[in-house]
Amino acid sequence: MKIVLAELSHETNTYSTVPTDLARFSGASGLPPEGEKALDIYRDTASCLGGYIKVCEAENHEIVLAVAGGAAPSGPVFDDAYEYISEKILTAISAGCDAIMLDLHGAMVTQSFEDGEGELLRRIRKIAPDVPVAVCLDMHANIYPDMVTLATVVCGYHTYPHVDMDTTAERAGELLLRSIAGEINPLMAWGNVPMLPHVMRQGTDDSPNRELQARAMELEKSDALAVSLFTGFPHADIVNAGLSVVVVVDGDAALANRLRDELLEAAWNVRETFVYTPEPLVDSVTRAKLAGEANPGAPVLILDHYDNTASGGTMDTTDVLAEVLRQDLKDVAVFAIYDPAAAQTIADAGVGNEVSVSLGAKLAMPALEKQSQPLQLSGRVKLISDGRFTTTVAMSRGLVMSMGLSVVFSVGEVDIVVISRHVEPYDPGVFTSLGIVPQQRRFLMLKSRIHYRVGFRDLVAEVVECAGCGVCTSDYSQIEFKNVRRPIYPLDGDNFN
Ligand SMILES: [Zn+2]
């Protein structure tokens, strides 16, 4: 069979002003990869496309990889970027195919469409009304009806951090092939409940999501073909943000509805445990300092969770770093401040030399009342790099990460990594590729929420969550929800009459 594979993947933070242009979908340079080049990049990697490729090549199907368009989370997708990638997919399908396998994040808001994935499927159905379509989605998908009703099978991740991207795509791809072979008759049911689980409480190492995902996987092994519980992405002010469930069964619509309702009720019943309450920043950093000075034998991790790339952060706010400097913590490695201009200034000074810069807080955040402030810092240039390394951890293993021009800037006893492309720190390679051995430092500071756990959790003695500043704020009262359906928990408490 001839199978079209494609990725159009973005998690949109509608509060973020980080621009989502075509370049953001394009890796380090050029345009989003396609064809043989994309196959070479994604084959044998822990990614959705890697999973699809594995399934198709195992059965010797012909693959047309239309485009691999994935961008780190940021603001609404520019229309021209969306149209470019969408057109690549539609052109490949128009040439004729027997099946379509799509890697869609499921929380894409474009300048014109609140459900970017639904719009793509509507366009596909206009030209290929009967071709079977598999869709794999991130656990942070915000589901809209057409994302389900216009697909043949939909599968979502069961893990956060997302270490099962490849196996999710394998599940979706295999179900699609079994359906085409006439072995199964996939029927889907979906639904949502009015709740916005907090991202900081969604990790699948913790309750309540650990148990909810375990139940979904249990049902997949028994009654259903696929069961996905999407915790959703709350930093998207759109009607359908929040928790939803998609169930795929073999031919029994009543069963699909029953399993969907069971999971939605289970999630609703534990809604209070998805609420997160931040701690004042000064208290957190004081606590971290005491923990580090107690010499626990491994670094203490200071987590700047208001400003991470993987939720659309500008990654240039300075509040947590400023507090770390003010409280005079010693032996700290920081990843990272996104500031291409400062990185260039520091690099121009040359390794070993002293330089003064205005660091960070260059991207405006009109969605927030409070803005971060640049730090006026003097320090020494420790290292200059092109910022490229290959991921070795379970999430995205095998893919090249590009931080752009990157420098290590030493201010007293704080080594600050300054980068020119947004990268979420889940792989210790963000440090080791720049000559920093994270295990040997007393403190690490990371701009991350849950994904750091992939590569750092086992390296650190303790994690201290620090409320800084940013468009991924963990304090819902700092942002305005104008478009999400109301009432919704916890914004409106339990007032659902
Ligand atoms: Zn996600």
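## Terms and model

A residue counts as buried if 20 or more other C-beta atoms lie within 10 Å of its own, as exposed if 12 or fewer do, and as partly exposed in between; C-beta atoms are placed from the backbone. This is a predicted model: local features need pLDDT of at least 70, side-chain atom pairs count only at pLDDT 80 or more, and totals for chains, interfaces and linings use all residues. Residues are numbered from 1 along each chain as its sequence is written.

## Helix α8

Helices (H or I, at least four residues) and strands (E, at least two) are DSSP runs, numbered from the N terminus. In α8, the buried residues are A256, L259, R260, L263 and A267. They cover an arc of only 100° around the axis, which puts them on the same side of α8. The arc is that of the directions from the helix axis to the C-beta atoms. An α-helix has 3.6 residues a turn, so residues three or four places apart point the same way. The face of α8 turned away from its buried side carries exposed residues: A254, E265 and N269.

What do the buried residues of α8 pack against? They meet β6 (186–192), α7 (209–221), β7 (226–230) and β8 (244–250). Contact requires the C-beta atoms of two residues, placed from the backbone, to lie within 7 Å.

The length of α8 also checks out. The expected span of a helix is 1.5 Å times one less than its number of residues. For the 17 residues of α8 (residues 253–269) that gives 24 Å, and the end C-alpha atoms are 24 Å apart, which agrees.

## Helix α4

Helix α4 (residues 116–127) has twelve residues. From first C-alpha to last, α4 reaches 17 Å, close to the 16 Å expected. Buried here are G116, E117, G118, L120, L121 and I124. The buried residues of α4 pack against β1 (2–9), α3 (79–94), β3 (99–104), β4 (133–137) and α5 (145–149).

## The five-stranded sheet

Five strands form an open sheet in the order β2-β1-β3-β4-β5, with parallel pairing. β2 (62–70) and β5 (153–156) stand at the edges, each with a single partner strand, so one side of each has no neighbour in the sheet. Two strands pair if DSSP finds at least two bridges between them. β1 and β3 run parallel and are joined by six bridges. A6 has L102 of β3 as its bridge partner.

## Two domains

The domain assignment, automatic or from a database, gives domain 1 (2–274) and domain 2 (281–474). Their centres, taken over C-alpha atoms, are separated by 30 Å. At the boundary, 27 residues of domain 1 are in contact with 28 residues of domain 2.
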